[in-house]
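Let's take a walk through this model together, beginning with a sheet and then turning to the nonpolar cores. Have your viewer ready.

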Amino acid sequence: MRPLQRLLGAIDARPPKWILLDQRAELEVMLLLGAWEPNHEGDAEVVGKLGVDPDNLERLCVRLSNIEDTPITRDGSSYCWSSPEDAWALLSSTLTKRMLRHFETVAIDVLGVNDLTYDLPPNDRCWAAVAGPTLNHSKTLREGLSQSLLRLRHHAPTIERRRGAGTVIALVDSIVRQVLTPSWKRWASFEQALWWLAEASPRVFLMQLDTSFATDGGIARVFEEEGDPGLHGAAPHLPLQRALGLLCWLPEWMSGAVEALMRLAELDPPDPPTPRVHPRPLAALESVFHIGDPQTGVDEEERLTTLANLTRRHPARGFQLLLQLTHQLSGGFRPESVQPLYRTRLPARSVASDEVQRTRAVRCLVLAVERADQAPERWMQLIREPVNQRFDDGLAEEVFDHLIAHRDHFDDVAREELSSTIRSELVRLYATSLHQKLDTRRLQLHRILETLEPTDPVLREGWRFRPQNILLEPHSRSDYRSIQVRLDDQRDEAFMRLIGPTPSSGVAELSRLVRLFVDRDTDMRELGRVIARSQFSDDFDAVLLRQRPPVGLEPLVAPFARARSHLVGQGLSWLREIVHTWSSEGRTQDVLDTLLLRWPEPQIWDIVDRLEEPLKTSYWRGLDTVGNHDEQQWGRAITNLLEAENVRTALSTASHRCKQLPLELLIQVLEAVSLHTPQERSHGPHIGYDVVEIFSEIERRDNEGEVDPSFDQDLLHLEFRFITFFEGRTPRRVNAFLEGEPDFFVGLLGYMYRPAGETPGDDVSPAAQRLATNARLVLRHWRSYPGRNENVATREQTLYDWAARVLDLAHSSMLGAAASREVAVLLARVDVGEDELWPSEAVRRLLQEGAYPALRQELWSAVVNDRGVTIRGAYEGGTQEEALVAHHRAAAAALRAIWPATASLHSDLAEHYAELARREDESAHDERQRDGR
């Protein structure tokens with residue numbers, strides 16, 4: 001409290017007692033350091049370079065941290081000033097030129113190094129500290145020195161009364177210039193320290209940043225070096241981004257800071273291959289210019305002028321920034337950025353009223369309209385803004401007028417793209433029950449649609465033949481039949497306008513439309529329907545189906561044939577005839593495409609059965625759905641799909657119909673899936689769901705006794721192969737074999753471990769890796785044990801026989817150490833014996849006989865590890881461990897007469913927990929002393 005009173009002038013100017021100590025040199029060194037860690041070798045070396053014994057400085061810090069109104073605070077292993085500003089006010093005036101010269105050398109040595117973390121690949125940086133320190137000095141010292149630079153500049157007038165004008169500021173600028181080299185690694189290495197360097201010397205900071213932008217290996221690399229979210233060092237751009245946000249609070253440097261942020265935003269990939277969760281430069285700019293709570297110290301007019309100039313210089317990213325600012329009108333979080341330590345001329349923080357925010361949003365939209373210029377993709381985004389009702393009709397009209405004024409700058413392709421956006425918004429307006437209240441907006445959009453209509457008839461009419469139902473007039477969403485009739489009429493009219501009076505006159509336009517659809521990967525089934533029901537249907541039958549189609553119309557054959565087979569009488573007979581004709585003519589692709597477009601049904605499969613290979617196989621391989629049929633037809637389809645190696649569709653079909661399919665067929669499907677590589681098995685979003693559904697049905701049949709035991713071996717292998725899909729539980733047959741077959745348990749160990757003495761190699765096959773992974777999952781998820789469901793006496797004998805058999809088999813297979821470890825993990829969780837003491841009698845017998853000496857140590861480790869993480873209160877100490885000590889000592893006393901080997905294990909556990917209790921008590925004692933308790 002007294003430092004604050006001194007800073008506010010609320011008490012007399014007499015210095016505190018601690019400043020009168022005879023250790024002035026140590027106080028000045030602590031002043032310049034700001035903070036340090038005495039136990040860090042690099043920090044102690046720095047103290048020595050400043051002319052002070054590190055031990056003396058540490059003793060001073062301990063002394064001052066324990067007096068009333070303490071000036072020094074201990075934080076863990078570090079010491080820092082309780083009130084740095086008070087300390088600088090009291091001590092800075094006596095800093096000598098020699099001390100400042102030493103400080104310059106030390107600051108450059110400490111701050112002018114790269115963090116070795118950034119020498120590693122991005123996703124390996126989280127392991128950098130495992131190999132040792134990545135910096136020669138603590139982060140506490142680096143941040144303390146950077147803050148001292150800032151305070152040195154702030155107190156320059158006081159110091160320069162004795163040193164000469166400009167010397168201190170020049171010193172600070174020189175240090176910042178020398179430590180901020182162009183390398184991106186240097187900028188990323190500072191972390192929070194970079195904030196204070198920016199405030200200490202903004203001019204030099206921005207100059208050095210400009211140099212880094214222009215240098216190979218400079219700051220432009222930070223986004224290429226970004227790693228996966230959540231990893232240490234994953235976002236090397238963040239220190240710089242936040243430092244620039246701090247400079248935006250300083251009015252004289254705000255323009256340069258936002259320019260640097262925009263340059264970073266232009267370097268930031270808009271669509272990175274992996275999601276980016278760290279704050280982005282564009283988001284930092286949104287905070288600076290926030291319409292409700294701008295994170296800057298400049299007034300409104302200057303801020304908007306800066307925004308206008310910034311977006312003029314950078315129109316692409318500037319346009320995105322302006323749109324995001326308008327979106328803030330819908331609400332959201334209040335932004336917070338790093339603020340400077342020494343603030344001047346900063347406005348009071350308050351959220352602007354709704355009216356002010358709306359005014360600012362309107363100004364941003366006006367700027368966005370100006371920046372849209374001749375870029376269709378920007379106008380598409382602008383069109384959506386008024387339709388989303390963020391702005392009133394008058395402002396929307398202004399946006400649309402600007403768009404119309406630019407129409408002559410757009411070619412037909414751009415006009416079609418803009419028209420597509422407008423149609424999408426109109427569909428959304430018509431789809432809502434409130435469309436009558438949006439008549440003005442709807443009329444505005446229709447007016448633009450007419451103005452932007454392409455002159456090219458293909459682009460003008462082509463959108464009507466897309467599969468989406470786009471009805472641009474009032475309609476009832478529930479009256480689907482009326483909608484479809486109206487759409488068919490409009491499509492028929494558009495087709496006649498496109499084709500003209502005769503089919504031959506429109507072949508060229510139709511070819512261009514087909515090419516457009518192919519380029520945009522658009523479904524042509526709707527176009528085929530329109531042609532099939534037109535008055536020229538027979539003409540196109542002759543042109544497309546009865547002879548080789550004209551060049552450019554080939555993709556239209558299958559959609560037209562599909563639609564015509566539905567419309568003509570004797571449709572399937574007609575289709576069978578045309579398929580036979582095409583097959584004889586060698587038009588196999590037309591056969592395949594047409595049959596795959598038809599809904600899969602047994603009558604189509606009958607046609608497929610008459611085809612020759614490879615057409616038949618190609619059909620089943622290309623099928624992605626089977627449809628709803630009876631059990632016999634589902635079995636027929638799945639069998640053909642498996643023969644064609646279309647495992648994905650076979651699995652999906654079997655999953656949806658598993659209750660009706662025979663078990664043998666379900667097993668065949670799972671076996672086919674298991675033969676594919678993990679990458680192939682993971683293809684598709686629902687494969688895990690489908691596999692689990694089939695196993696759930698098998699489990700249901702198990703419970704009802706419907707599964708023949710002859711399938712047990714096949715199902716065991718499948719359960720093991722698909723163990724990853726069982727979400728932490730052990731399947732029925734794997735569990736049964738683990739409990740009843742020691743050989744199976746040892747076989748799993750063979751998948752996981754190399755036999756003793758075998759030399760490790762690099763040639764482990766993917767299949768062997770999968771077996772090892774599955775075996776590990778089986779053992780980690782197995783929570784049962786042999787004999788669990790038997791009475792106590794029988795359970796003990798069963799468990800003893802099983803464990804002894806496993807250990808003997810493993811020893812003969814050179815897997816004894818691995819078996820001891822895994823068996824111990826199992827035995828540690830077995831229920832207590834008849835005397836209510838752990839372990840059970842079977843375990844005691846194994847320990848007492850001494851035939852497996854490694855088992856005792858592994859059992860000790862299993863018990864200790866099984867305890868897991870502990871949670872304890874402040875200053876609790878080792879009370880939890882003391883309870884365990886008492887428990888194990890009591891068990892040892894009770895078992896010593898009959899089971900001395902087991903008692904010895906309990907005694908060792910008691911000693912282990914006694915040592916842990918002692919350590920926890922010491923730690924609690926130290927914490928109480930540190931906190932003054």
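In this predicted model, three strands form an open sheet in the order S1-S3-S2, and their pairing is antiparallel. Strands S1 (35–36) and S2 (72–75) are the edge strands: each has a single partner, so one side of each is left without a neighbour in the sheet. As a reminder, strands of a sheet pair through backbone hydrogen bonds, in either a parallel or an antiparallel way.

Now look at the two pairings in turn. S1 and strand S3 (residues 78–81) run antiparallel and are joined by two bridges. Here you can find Trp-36 opposite Tyr-79 of S3.

Which residues have the most contacts inside the largest nonpolar core? They are Leu-33, Leu-57, Leu-152, Phe-205, Leu-244, Phe-289 and Leu-382, in a core of 129 residues. Helix H14 (residues 254–267) gives the most to this core, with eight residues.

Leaving aside residues up to four places away in sequence, Phe-289 touches Met-254, Val-258, Pro-294, Arg-303, Thr-306, Leu-307, Leu-310, Leu-321 and Leu-325. Apart from this core lies another, of 124 residues, including Ile-723, Phe-726, Ala-810 and Val-864.

Methods
Residues numbered from 1 in each chain as written. Predicted model: local features only at pLDDT ≥ 70, side-chain atom pairs only at ≥ 80, totals over all residues. Heavy atoms only, no water. Pairing = 2+ DSSP bridges. Helix = DSSP H or I, 4+ residues; strand = E, 2+ residues; numbered from the N terminus. Core = buried A, V, L, I, M, F, W, Y, C linked by side-chain atoms within 4.5 Å. Buried < 20%, exposed > 50% of the residue type's maximum accessible area, 1.4 Å probe, protein only. Contact = heavy atoms within 4.5 Å.
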